[in-house]
Amino acid sequence: MAMGEIQEQIQRHIDTLVGTGAETGVQVAVYRDGALIVDAVAGTADPASGRPVTSDTPIFSFSTGKNVAATLAHLLVARGFLDYDSPVTDLWPEFGVHGKATATLRHVLTHTVGLPAMPREITPGELPDWSRVCESLAAAEPRWRPGTAMGYHSYTFGYLVGELARRATGRPMCELLREWITAPLGIDGQLHFAAPKDSLPGLARLEQQARQWPAGPDDGDAILAPWENQPSADFGNNREILRADIPSVGIATAHGLAAMYNAVLQGKLVDSARLAELSALAFEGVDQVFGTPARMALGFPIGRIGAPAEENSAAFGWPGGGGSYAYADPARGVAFALTKTRLVPNFDTALSVTTILAVHLAGTR
């Protein structure tokens, strides 16, 4: 199979998804062994105007932004600003109350620090207030002793990484992202925390799938608040949110995400020893938020979603609520990303595209 064929297959597939109304706007980008083999787009970025999606159209993609925040954390370590096992309190003394003094960056990256949910006084309206959120997290009581259990840190993750970054470098995550990733890789405008004001007109508009989403627990025992657990198009289209530095979520093109992960795999952002360390199993257990098995590397879940057990997938990377997905697969030299404008309660589109890719890769060994 020629490499051009996988581009054609995926392009046809996403054209069909848009044509049948299953999707409204989709981007897919794939690198293999350093070469861009897929850069496919379909549909509209704004149904109201009919503006088409292009490879350069940034899309608010929820937790796929964690891929970028985690990568920045490893760059902070590589550049000597942080250490995986230094106590958080070395830089953030007030964080140590209520038994959190033993927390380290390693615990933050493996989602084992014990603060999966925002304190209840923090609502979406408070998220742009960085100091307010971080003060609340510092004062919070953890649900478990750091390092002893894992639970998905939905929005808290980015603030924990970002506050350590700010205290170590004196700079916010949005600036570090530009200086350390997007500018060196030539992908300015394709990955954002805190989108510049002049970029807002060019962003895609999200839409919510009309059919019913799964209801959350109604017994009051849910760890995450509804807004932390279920993505919202209104949230992702809100100008204040788009302009805020919220490093648990992100605004991205599929090409920007895939290019970042390709740079990780190709040694342009981290060396081979750091890649081996960041992608190795760091914690295994049951996710206390969702009750599902969890295998965590430093900053990322391990395993391509939908991969058969026999693949023994070494891929790492976060999906995003609503159906986006990005991962790096060091065993296959693949960097993959899919972003989309329609929020749905499943990953059917990502699974269908990654299945097409997996079949192609199996045929080119």
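Biologist: Quick one to start: how do H4 and H5 sit relative to each other?
Modeller: They're roughly perpendicular to each other, a label used for 65 to 115 degrees (under 35 is roughly parallel, over 145 roughly antiparallel, the rest oblique). Keep in mind that this is a predicted model, where local features need pLDDT of at least 70 and side-chain atom pairs count only at pLDDT 80 or more, while totals for chains, interfaces and linings use all residues. Residues are numbered from 1 along each chain as its sequence is written, and side-chain values use heavy atoms, without hydrogens and water.

Biologist: OK, so at what angle do the axes of H4 and H5 cross?
Modeller: Roughly 100°, with the axes of helix H4 (residues 130-139) and helix H5 (residues 156-169) coming within 10 Å. An axis is a line fitted to C-alpha atoms, for helices over the stretch in contact, and angles run from 0 to 180 degrees between N-to-C directions. The helices (H or I, at least four residues) and strands (E, at least two) are DSSP runs, numbered from the N terminus.

Biologist: Which residues of H4 and H5 meet?
Modeller: On the H4 side you have Trp130, Val133, Cys134 and Leu137. Their partners in H5 are Thr156, Gly158, Tyr159, Leu160, Gly162, Glu163 and Arg166.

Biologist: And H2 with H6, at what angle do they pack?
Modeller: About 75°, with 11 Å between the axes of helix H2 (residues 65-78) and helix H6 (residues 173-185). That makes H2 roughly perpendicular to H6.

Biologist: Which residues in H2 and H6 meet there?
Modeller: H2 brings Val68, Ala69, Thr71, Leu72, Leu75 and Leu76. From H6 come Met173, Leu176, Leu177, Trp180 and Ile181.

Biologist: Switching to strands. What's the order in the sheet of six strands?
Modeller: It goes S3-S2-S1-S12-S11-S10, an open sheet with antiparallel pairing. Two strands pair if DSSP finds at least two bridges between them.

Biologist: Which strands stand at the edges of that sheet?
Modeller: Strand S3 (51-52) and strand S10 (319-320). Each has a single partner strand, so one side of each has no neighbour in the sheet.

Biologist: How many bridges link S10 and S11?
Modeller: Two, and S10 pairs with strand S11 (residues 324-329) in the antiparallel sense.

Biologist: What about the turn between S2 and S3?
Modeller: S2 and S3 also form a hairpin, with four residues between them, and glycine 50 in the turn has a positive phi of about 80°. Two bridges join S2 to S3, running antiparallel. Threonine 44 has proline 52 in S3 as its bridge partner.

Biologist: Last one: in what order do the strands of the three-strand sheet come?
Modeller: S4-S7-S5, open and with antiparallel pairing. Strand S4 (59-60) and strand S5 (191-192) are at the edges, each with a single partner strand, so one side of each is left without a neighbour in the sheet. S4 is joined by two bridges to strand S7 (residues 251-252), where isoleucine 251 stands opposite phenylalanine 60.

How values were computed. Contact means heavy atoms within 4.5 Å.
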